[in-house]
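Student: I have a new structure to read. Can we go through it feature by feature?

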Amino acid sequence: MMVRSAALLVVLVLCADSQDYCYHEPDCDPYAWGDFFPSCHPLLGGHHSPINLDHHMVRNLSLGLLHLEGFDETQTGQWTLENDGHSVLLQVGSGMSVSGGGLPGVYHTVQVHFHWGDPSTNGSEHTVDGRRYPMEMHIVNMKSIHPNVSAAEEDPTGFAVLGFFIDVVYADNVHFSHISQKLSSVAYRGQMTGIKPFPLLSLLPKLNMSQYYRYSGSLTTPPCSQAVVWTLYEVPIYISWSQLAQFTSQIFSTEEDAAQVTPLQNNFRHLHTRFSRTVSASRDARLLRGTADPLTLLSMRLLHIVVLGQFYL
Ligand SMILES: [Zn+2]
């Protein structure tokens, strides 16, 4: 019986390993991930990501600027850019870490990747007051005390992910070209190319890095481990329309020799409920006001009439 159970377990594990996740086929899209990766089931009270950031926030005055160690330096060695069929990942090697800003420890920077939509739809994972940005960049950092990813996945604060919204303007972002110029080399799944290290800080917004939101959540891809301290920065990164199009139109989720090539688009997980979680606003963040409901507007108007004797119509 035990042997049979063990054999069954091996089969199940192999199935889970061999089952790839996707974003758009009904049998493997984000709503089906839980069938193969049980921790992706958004159970009641779960700490899943992404979420909508709204006015239900609490100011936390102790949340100041994060310390981004090594982000302003050009690291030695070689970085790699890779298309894994789900995103484009920049593996950054060792030498950088994040700490401070209320993070419970030091986290080594592991990789950077992106989520995007399609030529006509925005594709950030988190939304702000219901607004979805064109793209979202994630800098994934793993707590330094953990020897490997599996150990970090077991720790509710095993990862610190820095999320940056990406918005679009007419001018190219010259720093972003470090990545966008290399995208044609990783157009198809499984392709990888070397990339010369550059100061990661050059990708980030120049100002207002002390304005961010913080909450406890999960990885947004399988196994969806509820092991992430999220930091979502308020100020977006700006890139050009043509740089955005390189992601939405020129990256494929299939291999180069596939019978039918499929563009990699809308690679974001659906929104999850906040439940009882607190979303904190950093000391300098702008508190979102949300959209006042009609009753609130009416009571404010009545207050004006009573207090000021004025009519606002
Ligand atoms: Zn991500």
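Student: Which residue of β8 is the bridge partner of L53?
Tutor: Keep in mind that this is a predicted model. Strands of a sheet pair through backbone hydrogen bonds, either parallel or antiparallel. Here, L53 has V128 as its bridge partner in β8. Strands β1 and β8 pair in the parallel sense, over two bridges.

Student: In what order do the strands of this open sheet stand?
Tutor: The order is β1-β8-β9, three strands with mixed pairing. β1 (52-53) and β9 (131-132) stand at the edges. Each has a single partner strand, so one side of each is left without a neighbour in the sheet.

Student: Which side chains of strand β3 are buried?
Tutor: In a regular strand the side chains alternate between the two faces of the sheet. In β3 (residues 66-69), L66 and L68 point to one face and are buried. β3 runs antiparallel to β6 (residues 97-100), joined by four bridges. H67 stands opposite S99 in β6.

Student: Which members of the largest nonpolar core touch the most other members?
Tutor: In soluble globular proteins, nonpolar side chains tend to be buried together. This core has 59 residues, and L90, M135, F159, V161, I166, Y213 and V228 touch the most other members. Strand β11 (residues 159-169) gives the largest share, seven residues. Leaving out residues up to four places away in sequence, V161 touches H138, I139, V140, V228 and W230.

Student: What do the buried residues of α5 pack against?
Tutor: They pack against β7 (107-116), β10 (135-143), β11, α4 (177-180) and β14 (228-240). The buried residues of α5 (residues 241-250) are Q243, L244, Q246, F247 and T248.

How values were computed
Residues numbered from 1 in each chain as written. Predicted model: local features only at pLDDT ≥ 70, side-chain atom pairs only at ≥ 80, totals over all residues. Core = buried A, V, L, I, M, F, W, Y, C linked by C-beta atoms within 7 Å. Buried ≥ 20, exposed ≤ 12 C-beta atoms within 10 Å, placed from the backbone. Contact = placed C-beta atoms within 7 Å. Pairing = 2+ DSSP bridges.
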